[in-house]
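Subject: Handover of a structure, with notes

Dear colleague,

I am passing the structure below on to you, together with some notes on what was found in it. Please read them with the structure open beside you.

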Amino acid sequence: HTKMATAPLGFNIDAPRWDQSTFVGRLKHFLNITDPRTVLVPEEELDRAKALVESCRAGLVPPGSSQEQLLYAKKLYDSAFHPDSGEKMNLIGRMSFQVPGGMAITGCMLQFYRTVPAVVFWQWVNQSFNAIVNYTNRNAASPISLRQIGVAYVTATGAALATAVGLNLYTKRAPPLLARWVPFAAVAAANCVNIPMMRQQEIINGITVTDEDNNELGRSRRAAVKGIAQVVVSRITMAAPGMIILPIIMERLEKLAFMQRIRVLHGPLQVLLCGGFLLFMVPAACALFPQRCSLSLADLELELRDSIVAKHGDKVPYVYFNKGL
């Protein structure tokens with residue numbers, strides 16, 4: 001009977017469906033948003049979903065809309081539109097494209113790790129993909145110039161290549177498994193450079209922090225640093241299981257006689273296995289930390305802390321902000 005019911009009065013489309021203070025609640029939320037099937041949804045349907053969400057926010061639910069339709073519209077809206085600006089995000093930068101995009105690139109990085117030109121090419125492809133994702137999912141309240149994007153892209157790609165090529169030459173004499181772990185070391189190093197560089201405006205100028213009820217309290221650089229550090233950890237965690245466990249699996253498999261005969265399929269197999277890891281790891285890594293990040297008053301910059309205490313006394317023990325993805 002729920003299918004026929006219209007959306008109940010007081011239905012808040014922006015209220016989270018799962019408890020966002022628990023890891024499991026956040027995992028369900030991100031499994032929903034990062035669902036790779038949403039990548040195949042045509043543009044018109046995304047626009048219709050956006051219109052439906054916006055009319056719902058205005059309190060005008062089209063008659064006959066079931067709660068399921070509204071929740072599906074919200075899922076499409078969350079997967080394709082920026083949470084701060086409401087603009088449609090480019091396809092490649094969406095979190096829902098992380099599985100298909102990431103599995104192809106990671107599979108290739110893990111497959112073609114033996115020669116320097118291959119390492120250089122695939123690390124460059126990966127950093128270009130990362131730059132698009134980081135730019136698309138930035139905290140839109142902090143604008144970034146094209147020049148800054150260029151510098152961030154070049155430095156991150158440089159860090160990845162230096163790590164990958166350097167370690168590649170070093171592992172020539174090491175056990176073969178170590179060589180297979182080089183792509184992960186390069187990806188981790190690049191993430192530590194790429195994300196802070198892409199979001200440097202937030203570190204330089206601070207990001208807006210609010211109290212529990214979303215009243216602005218000022219801008220904090222320490223909040224930006226905490227948010228960005230959590231995103232770096234999430235991104236490295238996202239890549240880790242696939243890039244650490246898969247090489248061990250492939251190392252074993254490639255010794256088997258039947259695998260020696262089907263060398264052609266090693267690449268596609270790695271890509272598929274990467275996809276399996278990422279299907280779970282993209283939402284799990286996004287869910288590691290609450291999207292709405294908090295910082296205790298004691299950890300804020302002195303001036304900001306003093307101004308909050310002067311205005312609110314001890315009523316504001318924590319400040320809150322959106323950490324980005």
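Which helix supplies the largest share of the lining of the largest cavity? That share, 5 residues, comes from H9, where helices (H or I, at least four residues) and strands (E, at least two) are DSSP runs numbered from the N terminus.

Before the details, please note that this is a predicted model, in which local features need pLDDT of at least 70 and side-chain atom pairs count only at pLDDT 80 or more, while totals for chains, interfaces and linings use all residues. Residues are numbered from 1 along each chain as its sequence is written, and side-chain values use heavy atoms, with hydrogens and water left out.

**Cavities**

The search ran on a 1 Å grid over the protein atoms alone, where a cavity is a set of points at which a 1.4 Å probe fits but cannot get out, and a pocket is an open set with protein on both sides within 12 Å along at least five of seven lines; lining residues have an atom within 4 Å of a point. Grid points are joined across faces, edges and corners, and a volume is the space filled by probe spheres set on the points. By this rule there are 4 cavities of 30 Å³ or more.

The largest cavity has a volume of about 260 Å³ and is lined by 18 residues, with Gln-98, Thr-106, Met-238, Ala-239 and Leu-278 nearest its centre. At least two lining residues come from each of H4 (98–111), H5 (116–136), H7 (176–198), H9 (221–253) and H11 (266–286). Its lining divides into 10 nonpolar, 7 polar and 1 charged residues, counting Ala, Val, Leu, Ile, Met, Phe, Trp, Tyr, Cys and Pro as nonpolar, Asp, Glu, Lys and Arg as charged, and the others, Gly among them, as polar.

The second largest cavity holds about 70 Å³ of space, and the residues that line it include Trp-122, Asn-168 and Pro-183. H5 gives the most to this lining, with 3 residues, and the lining as a whole has 8 nonpolar, 2 polar and no charged residues.

**Domains and pockets**

An automatic or database domain assignment divides the protein into domain 1 (5–81) and domain 2 (95–322), whose C-alpha centres lie 27 Å apart. In domain 1, 13 residues are in contact with 16 residues of domain 2, contact meaning heavy atoms within 4.5 Å.

Both domains give residues to the lining of the largest pocket, so this pocket lies between them. The largest pocket has a volume of about 1400 Å³ and is lined by 45 residues, of which Pro-83, Asp-84, Gln-291, Arg-292 and Asn-322 lie nearest its centre. H3 supplies the largest share of that lining, 6 residues, and by class the lining has 18 nonpolar, 16 polar and 11 charged residues.

Strands E1 (residues 207–210) and E2 (residues 216–220) run antiparallel and are joined by 4 bridges, two strands being paired if DSSP finds at least two bridges between them. Ile-207 of this pair stands opposite Ser-220 in E2.

Finally, an unreviewed UniProt entry lists residues 150–170, 228–249 and 269–289 under "transmembrane region"; its positions are given in the numbering used here, feature names are shortened, and annotations may be inferred rather than shown by experiment. Residues 150–170 are 100% helix and 0% strand, with end C-alpha atoms 30 Å apart.

With best wishes
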